Amino acid sequence: MDEQAQREIAQGLEAGKPDAWLHLYEAYSQQLWLDVARVTGADSSTVADIVQETFLAAARSAGHFAPRRGTLWNWLWGIARNQVALQYRKTGPAEELRRARAWWASLNGQQREMLSGQSETPPAQLESRELATLVRNTLAQLPADYQMLLVAKYMDDAPTARIASEVGISPSAVDSRLARARRAFRRAFARLTQSSRDARKVRK
Amino acid sequence: MSNHGHNEDRTEQVVSTLLSAAGKDPVPPDEAFLERLSGETVRAFIAASARRPKRFRGYRIMHSRTVKWLIPVAAAAAVVIVVGLWPGGNGKGVVLADVIQRLRSAHTVTCRSTFSVTGSVVGTANYMFWGDHLMRTETSDGLIYISDGAAGRGLLLDSRKKTAAPFEQIPSRFDFYKTLMEFRDGTETPLGTKRIQGRDAVGFLLPGTGGNASVWIDTRTRLPIRLEAKATGTDGQEQTITVEHFVLDAPLDESLFSLSIPEGYTEHPVRVSEIDQKLSGNRSTGKVDEAGQRVYVSAAERAREMTLRTRSLTALRNILTACIRYSGDHDGQWPEDLNSLEAYGIKAESLANPRLPDAAVGWVYRRPVVPAGRLRNAPKTVLIHEPLDPWDDGVHVGFADGHVEFVNNRDRIEKLLAE
């Protein structure tokens, strides 16, 4: 969505115009669904719950949306991220995560290679449910702006120009922020999986 | 390539691989669900937008008049509402216009009143307003009155005796609503300026109040600094109410407005007339004078009317939103008639106007001849309105930009329709 359209929607939201809200909803509802589905890996009903809570919360606070604090997508994703976090809290400490960490710890030295990028990760591992769980839990720990960039770039395959427009920054700024986001992801992933190995050692 | 660049590349490769794999094959969007959610979110948006401006603060007043000695308190508080609803903008109304804006954008308002009889203070009360229909009054002798204007219900608590009396009617006879409707822009009388609490204030005598209500506005903050209202009892004693200490957007807990009986209280049902009598006690100085009686009508009846008006407003908003959605789906073209909106959740029964259940025509639809994108002035283009006849207090009007107004000036609506 270009800057002019964003501005018009923001003005409409402030003035309480339903057509502005509908414009926003139509522009982002599909995208929000897909990104929530990717980030959570949840089933349709859970994704629907999160999307619903996100849009209802957004509808209630849309009149206070401040364009100077970011784009509409920034704002919407910020709300979605909170709803995803709430969902994680509701479902409790993940048994699935515990299993995923145990799986990671059982890879017998392949982890280092996988994280160093020195060798191809076997497809069976890449497609494993456990790895996806670890990746999603790592993403959930990142700040909303890093999360949004990584999802757009590597899960949506969005071109940099489009990301720049949605986030409201220049393409070169997207690149440098993405570099920081990747480093943050890698560190968070290492922490998440490291603690699982430590835990296994203690249990032994 | 430098080591740093090499590491960056590897990091990108790892992160890209991990995220791409995890993000594969998300559950596809449930189109039917998103379509249903669309309507739900529009309603939530409209409801939230309606709560922000305080166009209907008049509710508060109608439901605040529980006791005879509180009547002037409500009268003064009503002045706030009057100012909040004032159309404004006639040159000398610059200050009023600012006040309107401030009050409309406030979500909560608190203020404190003092009631005097022939110059002696006989009671005080704290007022809390939440949104456009909830009000809580706490009197200095331990009575708490909570009202929900939209629901037409109230709860009277005696904090000393720990008794609670819920009721469905609003036990009040003072109707400021009519007074409100009689106000016309430019009919206020300037009272000049004076210093109040060390601050410069500009005053206005408000019409329709028998010349007995005035509002003083702080010239610096553009907020009401003092409201004064006077009435004379049949015993000739002068009753005065002064409302001060206005705070906008004070952090209030919504539970303060709950109509549930609090823990520790015993329900003690009483009839409405008894509540009135009970609250009046010995403080009543009798009926107000004739000028005041001009605006005394059955508040219970008025509460019912206002409830219907709220329902009508909601119905109109739903129809209007459906029209706008229809237009969005049809290259800006407007529906031929309101019956074309069934696919947008507006069924035949939804087209009945709750205020006019027996009318042959509940809503008048004016289909613009040009598509939505080519309307020259959507905020002033009337799309749907209630029938003008029989003219009562006014009509709800829905505009092409999606906003709804209650227009109480017949000349104005006729001018809008002519345009």
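This briefing covers the contact between chain B and chain A, and then the fold of chain A. The model is predicted. The two chains bury about 4,100 Å² between them, with 41 residues of chain B in contact with 51 residues of chain A. Chain A itself has 11 helices and zero strands.

**Interface between chain B and chain A**

- Carbon and sulfur atoms account for 67% of the roughly stated total, about 4,100 Å², that chain B and chain A bury between them.
- The count of salt bridges between chain B and chain A is zero.
- Seven residue pairs are in polar contact across the interface of chain B and chain A, both residues of each pair being at pLDDT 80 or more.

**The chain B side**

- Three helices of chain B, α1 (3–22), α2 (31–51) and α9 (299–329), each supply at least two residues of the side that touches chain A.
- Of the elements of chain B, α1(B) gives the most to this side, with 15 residues.
- Sorted by class, the side of chain B that touches chain A has 19 nonpolar, 12 polar and 10 charged residues.

**Fold of chain A**

- Along the sequence, the pattern of chain A is α-α-α-α-α-α-α-α-α-α-α.
- Of the contacts in chain A between residues at least 6 apart in sequence, 69% join residues at least 24 apart.

**Burial and surface of chain A**

- Chain A has 204 residues, and 50% of them are buried.
- The accessible surface of chain A is about 9,800 Å², and carbon and sulfur atoms hold 48% of that surface.

Methods
Residues are numbered from 1 along each chain as its sequence is written. Chains are lettered from A and ligands numbered from 1 in the order in which they are written. This is a predicted model: local features need pLDDT of at least 70, side-chain atom pairs count only at pLDDT 80 or more; totals for chains, interfaces and linings use all residues. Side-chain values use heavy atoms; hydrogens and water are left out. Contact means heavy atoms within 4.5 Å. Buried area is the accessible area (1.4 Å probe) that two parts lose on being put together, summed over both. A salt bridge is a side-chain nitrogen of Lys or Arg within 4 Å of a carboxyl oxygen of Asp or Glu. A polar contact is a pair of N or O atoms within 3.5 Å; within protein, one must be able to donate a hydrogen and the other to accept it, and residues adjacent in sequence count only if both atoms are side-chain atoms. Helices (H or I, at least four residues) and strands (E, at least two) are DSSP runs, numbered from the N terminus. Ala, Val, Leu, Ile, Met, Phe, Trp, Tyr, Cys and Pro count as nonpolar, Asp, Glu, Lys and Arg as charged, and the others, Gly among them, as polar. Buried means under 20% relative accessible area, exposed over 50%, partly exposed in between (1.4 Å probe, protein chains only). Accessible areas come from the Shrake-Rupley method with a 1.4 Å probe; for residues, only the protein chains shown count as cover.
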